[in-house]
Amino acid sequence: MHTIFVIGRVLFVLIFIVSGAQKLLDIPGTAAMIAPAITLPDAMSDITTQIQEATGQPLPQLMAILAGIVELVGGLLIAFNIGTRGAALVLALFTIAATFYFHDFWNMAGEARANNIVHAMKNITMIGGLLVFFVLGSWRPLTRSERVV
């Protein structure tokens, strides 16, 4: 049973690992997708300007790198059962934000709306699974030798 639990854990986070790696391998493409979707409040302009000047990179590119790292590292942490609660919480919050900004079907019509409803529902399901991992933490099923008879 323990092996099935490990396989399930890895299969569940595979979407985050692959998506994070793809974002990091195509930072300009990811940044181009992020730029029109996310606008930060004017109150944050001083901070964002300082960050851009310090790194020498535009904010969408930095957000693309951050998104890739969050998905890849969070997925790997859960897969290897390290810091599971924290990784699950961060990925759940990330998935909530991604759903809100990138699958906003309530602002769409036709085929785009139908497609984004499917993606939003998939993300809601993923959030549910991440909440289960948040509750379970590093729990693992007992092996036969560990069970008290």
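Guide: The crossing of helix 5 and helix 6 is left-handed. Keep in mind that this is a predicted model.

Visitor: What makes that crossing left-handed?

Guide: A crossing gets that name if the near helix is turned anticlockwise from the far one by less than a right angle. Helix 5 and helix 6 cross in the left-handed way, so the near one of the pair is turned anticlockwise from the far one.

Visitor: Why are helix 5 and helix 6 called roughly antiparallel?

Guide: They pack at an angle of about 165°. Angles over 145 degrees count as roughly antiparallel. Helix 5 and helix 6 are therefore roughly antiparallel to each other. Their axes lie 8 Å apart.

Visitor: How do you know that helix 5 and helix 6 meet?

Guide: Contact means heavy atoms within 4.5 Å. Residues in helix 5 that meet helix 6 include Thr-84, Leu-91, Ile-96 and Phe-102. Among their partners in helix 6 are Asn-116, Ile-127 and Phe-134. By class, this contact has 13 nonpolar, five polar and one charged residues.

Visitor: Which residues make the contact between helix 1 and helix 6?

Guide: Helix 1 brings Phe-5, Arg-9, Phe-12, Ile-15 and Phe-16. Helix 6 brings Lys-122, Met-126, Gly-129, Leu-130, Phe-133 and Leu-136. By class, there are eight nonpolar, one polar and two charged residues.

Visitor: How do helix 4 and helix 5 cross?

Guide: Their axes come within 9 Å and cross at roughly 145°. Helix 4 passes helix 5 in a left-handed crossing. In helix 4, Ala-67, Glu-71 and Ile-78 are among the residues that meet helix 5. Ala-87, Val-90 and Phe-94 are among those on the helix 5 side. By class, this contact has nine nonpolar, three polar and one charged residues.

Visitor: What makes up the chain as a whole?

Guide: There are six helices and zero strands. From the N terminus on, the elements run α-α-α-α-α-α. The C-alpha atoms fill a box of roughly 65 × 40 × 30 Å, taken along the principal axes.

Visitor: How do you know where empty space is left?

Guide: Rolling a probe the size of a water molecule over the atoms shows it. In this model, the largest pocket holds about 760 Å³ of space.

Visitor: What makes a residue part of the lining of the largest pocket?

Guide: A lining residue has an atom within 4 Å of a pocket point. The largest pocket is lined by 29 residues. Lys-23, Ala-67, Phe-94, Ala-98 and Phe-102 lie nearest its centre. Helices 1, 2, 4, 5 and 6 each give two or more residues to the lining. The largest share, eight residues, comes from helix 5. By class, the lining has 21 nonpolar, five polar and three charged residues.

Methods: Residues are numbered from 1 along each chain as its sequence is written. This is a predicted model: local features need pLDDT of at least 70, side-chain atom pairs count only at pLDDT 80 or more; totals for chains, interfaces and linings use all residues. Side-chain values use heavy atoms; hydrogens and water are left out. On a 1 Å grid over the protein atoms alone, a cavity is a set of points where a 1.4 Å probe fits but cannot get out, and a pocket is an open set with protein on both sides within 12 Å along at least five of seven lines; lining residues have an atom within 4 Å of a point. Grid points are joined across faces, edges and corners, and a volume is the space filled by probe spheres set on the points. Helices (H or I, at least four residues) and strands (E, at least two) are DSSP runs, numbered from the N terminus. Ala, Val, Leu, Ile, Met, Phe, Trp, Tyr, Cys and Pro count as nonpolar, Asp, Glu, Lys and Arg as charged, and the others, Gly among them, as polar. Axes are lines fitted to C-alpha atoms, for helices over the stretch in contact, and angles run from 0 to 180 degrees between N-to-C directions. Angles under 35 degrees count as roughly parallel, over 145 as roughly antiparallel, 65 to 115 as roughly perpendicular and the rest as oblique.
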